[in-house]
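Hi everyone, thanks for making time today.

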Amino acid sequence: MNQTTNHIASPALENLRSLLIIRSIALLGQIGVLCYVLYSSRTTEELWGMTASLVVLGLFTMLTFWRCSKSWPVSDGEFLAQLLIDVGAWTALMYFTGGANNPFISYYIVPLVVSAAVLPWRHTWLVAVASLLAYSLLLYFYRPFPLFTPHAHMGHGTNANVHILGMWFNFLFSAGLITYFVVRMAGQLRQQETRAVAQREDQLRNDQIMAVASLAAGTAHELGTPMATMTVLLDEMLADDTLSAQAREDCKLLQTQLQTCRSTLTELTRTAELKTTAESKPMPVDKFVEESIERWSVRRPTVSYQTVRLGEGSAPSIPYDPTLAQAFENLLNNAADAGSERVEVSVNWSSQHASITVRDWGTGISPDLLEDIGKPIIRASRAGLGIGLLLSHATVERYGGRVELRNAEDSGAIATLTLPIVDSSHD
């Protein structure tokens, strides 16, 4: 039920319905003309072609209305086919009702305008060519209609009068303007809408990041007191001569972990004081990877790692501040949380960018989660995968980089962090 409702509300389907309403109005106008001719002349001579065209187009319109009630997607190709059918059916109708003498010949501009507003420019040019060709043929090939061609010899064959030719040139001029300018304006509107959607997503993501940052700052402040208490207690326990050897080793391990936590909180506090990316400093990418992995391996001693250097020559520098290191370590943590016992880190670079690839052999990432990665959506999945990547994306994008994730062909996932190369000569 929800799927059908969402499909019915799609813009493409609404555009098709609008086209059908326009076509129905045009059909009613031609039916009115038919009724008027029947009433005034009281004869059905020369009306069979018009009647057949109206019946066929009316049946096709009803069939399309029925199609709109089904949960079938409307593609650009289908919409283009509908417009070309409009052009073809209208050409048949005009052929039996006086050709270019029929004042309703200007309806050809309608599918052209609709195409320019909805379809890509290539499709619009196709509709424009089809409409112009049909109009041109109707200048010379048509069946006289008593209401619009009372003197059949006028405007027929090669002796088209100036008024009919003027209408043709007006259509040619209007079709050219619409095809070029309306397509251009519609494209600009679509680009503007895309940018607005991206800005709204960025704003939502920034709001979430600010909320997380505020919570992290408050948590860092609150953790200071219990960590100081634990440090004092550990020092007192280590000063006790009666402490067993195993307990002493455990206390020393806890003391090391507490020192790591205190260093992390101190770094977090210092990082919060950075206001712009201009305060970052260049660092060789291989050194950045080496130092980050050394810090990370202390916290994840059960996971083995391997570093592969793919670039040639001396490693270029990338922008560095602690937030970038945290973004990279988030990728390492996600690899470890996926259940992989080993992680492979590859470092490569070109003249413009440096890339760091993290490969794991874990459970991989679900397709649904892959679609939402980097968006302002936090999912509680794969041991917390979501908020860490959200922060990583935001941090890396501040420096003009990007984070890409995909599943490996055999097993596991591959995360690639790409950063621009900076000049380290002024360091």
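Let's start at Ala354, whose bridge partner in S7 is Leu419. Keep in mind as we go that this is a predicted model. The two strands here are S5, residues 353-360, and S7, residues 413-420; they run antiparallel, and seven bridges join them.

Now, which strands sit around that pair? S5 and S7 belong to an open sheet of five strands, in the order S2-S4-S5-S7-S6, and the pairing is mixed. At the edges you'll find S2 (304-309) and S6 (402-407), each pairing on one side only. From one strand to the next, the twist averages 15°. Helix H10, residues 322-337, packs on this sheet and touches S4 (342-349), S5, S6 and S7. The direction of H10 makes about 25° with that of S5.

Let's move to a pair of helices. H4 covers residues 76-95 and H6 covers 121-138; they pack at about 5°, with axes 10 Å apart. Angles under 35 degrees count as roughly parallel, and H4 and H6 are therefore roughly parallel to each other. What kinds of residues make up this contact? By class, there are 11 nonpolar, three polar and one charged. Among them are Leu80, Leu83 and Val87 from H4, and Leu126, Val127 and Ala130 from H6.

Finally, let's zoom out. The protein chain has 12 helices and seven strands. Of its 427 residues, 37% count as buried. The chain exposes about 24000 Å², and carbon and sulfur atoms supply 60% of that.

Key. Residues numbered from 1 in each chain as written. Predicted model: local features only at pLDDT ≥ 70, side-chain atom pairs only at ≥ 80, totals over all residues. Heavy atoms only, no water. Helix = DSSP H or I, 4+ residues; strand = E, 2+ residues; numbered from the N terminus. Buried < 20%, exposed > 50% of the residue type's maximum accessible area, 1.4 Å probe, protein only. Areas by Shrake-Rupley, 256 points an atom, 1.4 Å probe, with all protein chains shown as cover. Axes fitted to C-alpha atoms, helices over the stretch in contact; angles between N-to-C directions. Parallel < 35°, antiparallel > 145°, perpendicular 65-115°, else oblique. Contact = heavy atoms within 4.5 Å. Nonpolar A, V, L, I, M, F, W, Y, C, P; charged D, E, K, R; others polar. Pairing = 2+ DSSP bridges.
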